[in-house]
Structure formats: C-alpha cells, structure tokens
Amino acid sequence: MKRFTIVRWLVLVLACFETLPAAAQTPTASVSKVALVSEQDAVVPGKQFWLGLKFDLDPGWHIYWVNAGDSGEPPKVEWQMPKGFRAGDIQWPYPERLKSSSFVDYSYQDHVLLMVPVHAPLDLKVGESVSLEGHLRWVVCREVCIPARQDLTLVLPSAQHETASGSHNLFEVTRKRLPKPMPSNWGATAVSDKDQLELTINAGHRISQSTFFPLLPQQVENAAPQQLSSFPRGVRIRLRKSDQLLKPIVELKGVLVVAPDEAYVIDATVRNAGHLR
Amino acid sequence: MKKTYLLLAVVACLLIASALFGVRIGEAAPDFTAVDSRGGTHRLSDSKGKFVVLEWHNQGCPYTQKHYQSGNMQRLQKEWTARGVVWYTVISSAQGQQGFVTAQQENDYLERMNASPTAALLDPTGQVGHLYAAKTTPHMIVINPAGVLVYDGAIDDKPTTDQSDIATAKNFVSLALQEVTSGRPVSIPTSRPYGCSVKYAN
C-alpha cells in the first residue's frame, strides 16, 4: 500500500512537472471538481441572489480558507457578469485546522460550497436568459500541490419569481457554517504579553470548546497549540504570536468556532499587558 | 556520563526551542554545516563577511516551478552571486517525502534548469530547515555579512502559481539585497512565505 502510494505520488509529481504549462490550462478533474451553482432557479430583476462555487475533492486533498495558514492560497474568482450585475465577495465558511508535520493550514476537505452574493439589475428584462461567467483559479494540495484554473458558466432565466434550485439545500447547510457577527451582548478583548496573545470572550455563559482562526496572516503562529481556559462567563484563549511579527498587534481579527455550525467573527482591540499593571 | 546527558538534553532543548521559535529579524542567524549535491561541505559561519541567501526548494512544487520555469529564480541567482552573494538552495524534503532528491537528481535538475546557486544543500534530516523554521517552498532568508538575519519570508508579493504574476510582483529578496548592499535598512524585513509546505519527516 505504502509503496503504491509513493509510486502514485512520483507519477503525479512527474506528470505535474512534465505538463505544467498544459496542466495549468486544464481542470484537474481527477482530484478536484468544481461547478458553478445557484440557490434559485431564476434571476429576479432588482433582487440579490446567491451563486456558489461547489468543490468536490478526492479524499485527502484540500483547498484553502481566505487565510490559508502556513502554506497554499485561497481560490480566486474573476467574474464576467452581464451589464448591471454585481458580484460580492466570497463568504467563507469556517475551515478546519489541518496539521502536517510542524505546520497548520486552514483548509477544506471533501466538499465545500463558497457562496457569493450577486445583485441583479432592476432594468433586467423578464424572460431573458442570463449567462453568469467566472474564471476560477485555485490550488489543491495533498502531499503535492496542483494549481488549477477553470472557466465556469451558469445560464439562468430571468423571471418575476424564483423557486429553489436543486442545489438550494446545499446553500442552507453551508449558511450555518458562515461566521455570524458576534452577539451584541458579547465582549472580545485581547492582551499582548511577551510572545503570547490572550483573547478573552465574555459571552455571559461558559464556552467549553472553541477554535480560533486568525483572519490576518502573520499575527499568530498557526501551528502553536491554542490553550483554552473556560470560565463561567466565557473563554480565554492563549495564542502564540507570530515569529515574524515586527510591530505590535493592535487589532486581532478572526473567526471563533464554539460548536459545530456556530461561528462568530471576532474583532478585538489588543492592549499591552504592561499598561494594565 | 551524567554531564554528557545533561549537555545533550540542553542541546536538544535548544534545538527544539530554535525549531519552535525560528530566528527573528536582527538576531544572529544560527550556524549550520551541510553537504551539497556535488559533495562539498558548507558551514554558514565560513561565509561571514558576505551576504547569504537561503532559498527553500522543491522541484515538484508548482510555486517553485513558477519561479524556475519562468527563469526568475535563476536570474536572481546569477545577478547576486555575480555580486559576491552566497546563494544556497536548500532541499529539506525527507527521504520518502515528496520533493526528496538524490545528489545526482539535483545535479541533473540544476543543469537542466540552468540554475546557478553557489550550492544546493541537501537537508533530508530537516536540520537546516527547522533551524530557520522554513515553512514553504520557496521560503527566502537573507543574512548580512555580520551573520545577522535581515530578511525572512516570501520571494515576492504575489502568492500564486502563475508565472504571469512575476512581471508585476514586488520581489522582496531583490529589494532587501539592493537595500542592504547600498547600506540602507531593509524596508520590508518579513512577509508571509507562500508556497507548498516543506515536506519534513513526519
């Protein structure tokens, strides 16, 4: 089995090396499949609707969150929308910490939907067909990384009313994994102390489990263990600062996952421990 | 005997600590001895008095390929070694891991790619890689003639695999070398290194 795997990687690496200029042009159908899907079956003039980049990855392969972590890069899409259409930013579901030797990447495995809000123009004529197009670039990695790019197209009719498409459920499931704004009665503060950052979340109730995903690269050491101390009104998380930090961190931004399908955007002002004493 | 163990323990702790914490800008670059693909031995401290570039490398990584198939890395190697800079390509893939090469394979590659680092250091134990907390291929380090780390990070500001991005990218290594060789401080001393992860032994 092991030998088979090594041989497979060798073949893959060689194939990658020999045909890279060509491979860069063709989708890597063998390990990652991507399709452009819509939550609704039609576009309604003047309304917002949701498109999704639907990734299906072979076992063991992963793509990256908006902050990729120690290696890799997030997928990027350039839209070619009809006149008057406006596509927003990708809404990133919370990722998982993927550890390999001494690194941590923030990744997605198996299946993920990257949702994008799109605004349809008010002057869109009902009955027309709308061609939504995008050029997607991404990198999919296992022991090796494979860059890929693909042109995606989805044609939808414009109509007065829309109904759920076949992919609707996937959007519903994914929406639960999108980080929500932090509840207004919560508080988030951070204290910088030597090589540590201590993030305190005051939620009004005990948080017994949580994982913090930094939104900005180079603030915390991704691979350093996160030390949690739960208390009756929330949780404290000790993070190790990045070795590459040259300036003090004034703002710690990230996503805090406290339970499956429960994630919040955290934006904490960082105070210096010295000032508190 | 006990003392030897203690010493070993201290050395091990220091090694682990340095592996965990890496080196910081403005600190002394840790010394190492490594063997290159042509059988030569290199000790970093022998290059005191010269600028040294460390380039983490993996010929199967598309981010590395971006900079070699475009000729970008070779151009940098030629330009700076001609100006007296010592340029070490470092390969830290462990045996059995993706990107591991034998000396012969590396020599063939250097010839095929027309690459001209001062030497390609074979680091299958990951000793040098861990000493500098090298994360990705490529990951670039610049050390000044006093043996102090002056740059640690990415090769440039376009973290992609696209060769077409090179023309418009700001090359942090060129910038750092231009600045330090003209006696100025490095304006961008760190950046997030981008690329494939270094394939250390598990």
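**Note on a predicted two-chain model**

1. In chain A, 35% of the 277 residues are buried, a residue being called buried if 20 or more other C-beta atoms lie within 10 Å of its own, exposed if 12 or fewer, and partly exposed in between, with C-beta atoms placed from the backbone. This is a predicted model, in which local features need pLDDT of at least 70 and side-chain atom pairs count only at pLDDT 80 or more, whereas totals for chains, interfaces and linings use all residues. Residues are numbered from 1 along each chain as its sequence is written, while chains are lettered from A and ligands numbered from 1 in the order in which they are written.

2. On confidence, the model scores ipTM 0.80 and pTM 0.85. Chain B has an average pLDDT of 91, with 89% of its residues scoring at least 70; pLDDT is the predictor's confidence in each residue, from 0 to 100. The stretch to read with caution is residues 6–20 of chain B, over which pLDDT stays under 50 and for which the model has 4 contacts beyond four places in sequence. Two residues are in contact here if their C-beta atoms, placed from the backbone, lie within 7 Å.

3. The secondary structure of chain A comes to 4 helices and 18 strands, and that of chain B to 6 helices and 9 strands; helices (H or I, at least four residues) and strands (E, at least two) are DSSP runs, numbered from the N terminus. Among contacts between residues at least 6 apart in sequence, 73% in chain A join residues at least 24 apart, and for chain B the figure is 75%. Buried residues account for 46% of the 202 residues in chain B.

4. Chain A contains an open sheet of 4 strands in the order β1-β2-β8-β5, with antiparallel pairing, where two strands pair if DSSP finds at least two bridges between them. Strands β1 (32–38) and β5 (86–87) of chain A stand at the edges with a single partner strand each, so one side of each is left without a neighbour in the sheet. Within this sheet, β2 (residues 48–57) and β8 (residues 111–119) of chain A run antiparallel and are joined by 9 bridges, with V116(A) in β8(A) as the bridge partner of L51(A). Helix α3 (residues 168–175) of chain A lies across β2 and β8 of chain A and runs at about 100° to β8(A); axes are lines fitted to C-alpha atoms, for helices over the stretch in contact, and angles run from 0 to 180 degrees between N-to-C directions.

5. Chain B has an open sheet of 7 strands with mixed pairing, ordered β2-β1-β5-β4-β3-β7-β8. Its edge strands are β2 (41–43) and β8 of chain B, each of which pairs on one side only, and the twist averages 30° from one strand to the next. Helix α6 (residues 172–181) of chain B lies across β3 (52–56), β7 (140–143) and β8 of chain B, running at about 170° to β8(B).

6. D36(B) stands opposite L121(B) in β5(B), and V35(B) opposite T41(B) in β2(B).

7. At the interface, 29 residues of chain B are in contact with 25 residues of chain A. The elements of chain B that give two or more residues to its side of this contact are α2 (62–69), β8 (149–153) and β9 (196–197), and α2(B) gives the most, with 3 residues. That side of chain B divides into 10 nonpolar, 14 polar and 5 charged residues, where Ala, Val, Leu, Ile, Met, Phe, Trp, Tyr, Cys and Pro count as nonpolar, Asp, Glu, Lys and Arg as charged, and the others, Gly among them, as polar.

8. The largest nonpolar core has 103 residues, and those with the most contacts inside it are V140(A), L199(A), V53(B), V142(B) and V173(B). Strand β9 (residues 129–141) of chain A gives the most to this core, with 6 residues. Such a core is a set of buried Ala, Val, Leu, Ile, Met, Phe, Trp, Tyr and Cys residues joined through C-beta atoms within 7 Å.
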